[in-house]
Structure formats: C-alpha cells, structure tokens
Amino acid sequence: FYIFDRKHIVFGYGAGSHVMSSSITDRESGIGVTLAKSKAATNRYLRLSGFPVTKQAMVRSFEDVKLFAETNGFPIVLKPTAEEQGRGGTTYIQSLDEAKKALTDLRKTYKHLLVEQHYHGDGYRVYVLDGKVVRVRKLSAAAVTGDGTSTIQHLINVENANPVRSAPDSALKKIVVDSTLKEMLSKQALDLEAVPDAGVKVVLSPTSNLSRGGTSVDFIDQLHPENRRLCEEISQTMCLVCSGVDMISVDASRPWHENGAVICEVNSQPQIGLKGRIHVHDMLIDGLGVKNTPISIEVHADATEYDAPLFDRSQDTLHLKVSAQRILQSGCPVQYFDTVTYADDVPEDMRAQVAAMLKSVPLEERAT
C-alpha cells in the first residue's frame, strides 16, 4: 500500500492497484455518492421508490416551517441538506417560536435547510457492503434512569464516573452538561435538581451522538430479517457498494412496518470505526480486487531518477529503473518485486549494500 495523502491510500501497483478514501473505494458509483450527499435528494428518491422515509420538506422561508408543522404537528427537526455526523441539526422543536429561533440561528451558517418530522426511537446505523448487511450499531441518546432518591445531576455524575467514559480509546464519552442538555430537560418539565422516580428513563440529549454521551452497541444479531432486507434493497437502489443506512425505530428487532420505523438518511462514506481494526475494514479491502502486478527492478549507479508508473492501471507489468543512491538513501520505491538486476556500472561494494537492503514482501504475506 502507499499513503498518498491524508485522505487516500493506494493498494497494489500498476493494473492491480486500487484507491481507497476512508470507507469509500474506486468501486463506488458516482451517481450513488452524489445522491447520498443530499439528504433531500435521498429522501425524495427513496420515497419515489416506495421505501419508508421521514416526512420532509425544503425550507425557503419560515412560512414553509409553519405550514409543515400545521400539517404534520410537533415536534419537528430543522437540519442542513448536506451535513454529516449530525452537525447543524436542531431536534425536538415543539413550538413555532422555538422553530423561528432555530431557523434564524441556522441561517447564519447554512443556506439550504430541511424541516422534518421528529420520530421517536433509537437510531440504527446499518452497514451494507456488496448488497449484504455486515454490521449494525444501535445508537441511543445519553440518558439516566431514576432511582427515586437521586437528582438528575447526581445520576449524571455517577454515569460520568464510569472509567470507560474516560478511556482515551473508548467511543463512549462523558455526558456533556450544557445549555442543550438543560433545554432537553426543560422540554420534559425537569431540571438538574429533579428527582425522577425509580425506573424512569430521562433522556439528556436531542441526538444520539457519541460525542454527547450517547451509546453504541452491536445489534446485528437482533436486527429483524425484514429490516435487514429493507436496508439491503435501499443500498442497491442507491447504487452504492458500501453504505450506512440510518434507521429510526423504537425496536429494530421487530419488522419496520409494525412500529413506524423510517429511514432518515443514507451515507455513501460511513464511518466504520474510530479505533482498532474490525472485520468490515478487511472486507472493504478484499472487495477492491487488488492483484499482484509483476515488478522488476533495474538498479543503476548514477543518481539519475526515472519516472516509475507505479499506479498506471494500463500497465500489466512494471519495470522500474532506480539508482543505487536512491535505494540507499530512501529505500525501495515498491513494497514487493519479483526480480532485481544490476547495471554494469554498479560497483560490487555498492551492489552488496543495495542487495542487503532490498527486501520484497513474500507473496503469501501480501494479503495480510
């Protein structure tokens, strides 16, 4: 592999090479990626295709928001048409005054906005690769459960004391106590000093973002087969090889049509994992179809460098001319090769140094 820049990695050489950026690969459909970048386009396309999606409308003025709320009721959501990871969204809006303030604030940053009906339930990120569901994460908003004696602030402190929330390599973060959290409590007629009854769940965030203390657990074994099939059909309809289908459901272990589950968006470059290696990473790379291109190296003594078509996919074989000085100073330009030859002008002592440095990754190790 070759790290091209902060976003792109190239696997293989010549005709066998492929490019990858995060979870998007050169196998991906440009049409699918373009559709997925727009929440409005995704929603409309899936609705026309018969899939259960959120009720949604474009916002040109406050009158659009007002009309939508009068038609569909509160609560509602305002969010940008093309933003990622929940950025810019204002959820659980319960009044026109609240909607007007949210719209005014969002207009300062975003030109194109959507109004959407708020749906109760947990979020589910369903990863689909090559038409099959390969990973499912259940995303829940930060919350505490009352014990009948503790204040909400104390319950938050206890939860934040969990060592897992402080571990540097953990996806689970501490619950953020700020104006957003306090506003969420206010909408439930609560504050930080309130004492919820035993067993009562108090939601602390309008979104399931992990950065705000939300939780993420594996759910692939519990996902109902009909929900699995739904997400696979959506990924196929969106012309995507790899996708993250976001579903909202009160219980995704039941069929989507039994509890009003909806699809809120589809990601063409889903975040697979922040820490560590998981099986989907391997599946993505294996799916690239990287092939071993025969490579020969011709070593010269002079310092003249030759252009090497490392990633020219029209080249079934590669013949690289490299100076001994370049190899001794910077190493071999490729990670594997099949043959090495030396020009007559390479002295024996320099040839011995180069030979001691040149190491090719064995064929059986290239896939691992």
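Leaving aside its neighbours within four places in sequence, with which residues is Ile 234 in contact? The legends below begin with that residue. The model is predicted: local features require pLDDT of at least 70 and side-chain atom pairs pLDDT 80 or more, whereas totals for chains, interfaces and linings use all residues. Residues are numbered from 1 along each chain as its sequence is written, and side-chain values rest on heavy atoms, with hydrogens and water left out.

**View 1. Surroundings of Ile 234.** Beyond the neighbours within four places in sequence, Ile 234 is in contact (heavy atoms within 4.5 Å) with Leu 46, Phe 51, Val 245, Ile 263 and Val 266. Ile 234 and Ile 263 touch the most other members of the largest nonpolar core, which has 26 residues. A nonpolar core is a set of buried Ala, Val, Leu, Ile, Met, Phe, Trp, Tyr and Cys residues joined through side-chain atoms within 4.5 Å. Two or more residues of this core come from each of helix 1 (30-37), strand 9, strand 10, helix 7, strand 14 and strand 15.

**View 2. Helix 7 and its cover.** Helices (H or I, at least four residues) and strands (E, at least two) are DSSP runs, numbered from the N terminus. Helix 7 (residues 225-237) comprises 13 residues. Its buried residues (under 20% relative accessible area; exposed is over 50%, partly exposed in between; 1.4 Å probe, protein chains only) are Asn 227, Leu 230, Cys 231, Glu 232, Ile 234 and Ser 235. Their cover includes helix 2 (39-48), strand 9 (122-129), strand 10 (132-140), strand 14 (242-249) and strand 15 (262-267). Just after helix 7, Cys 239 adopts a positive phi of about 60°.

View 3. Four strands in the order 1-2-3-4 form an open sheet with antiparallel pairing; strands pair if DSSP finds at least two bridges between them. Strand 1 (2-3) and strand 4 (24-25) each have a single partner strand, so one side of each lacks a neighbour in the sheet. Two bridges join strand 3 (residues 18-21) to strand 4 in the antiparallel sense, and Met 20 stands opposite Thr 25 in strand 4.

**View 4. The pair of Tyr 2 and Phe 311.** These rings form a tilted aromatic pair, 5.5 Å centre to centre with 45° between the planes. Rings of Phe, Tyr and Trp (its six-membered ring) pair with centres within 6.5 Å; planes under 30 degrees apart count as stacked, over 60 as edge-to-face and the rest as tilted. Tyr 2 lies in strand 1 and Phe 311 in the loop between strand 16 (295-300) and strand 17 (318-323), so the pair ties together parts 309 residues apart in sequence.

Definitions and conventions
Expected span 1.5 Å × (residues − 1).
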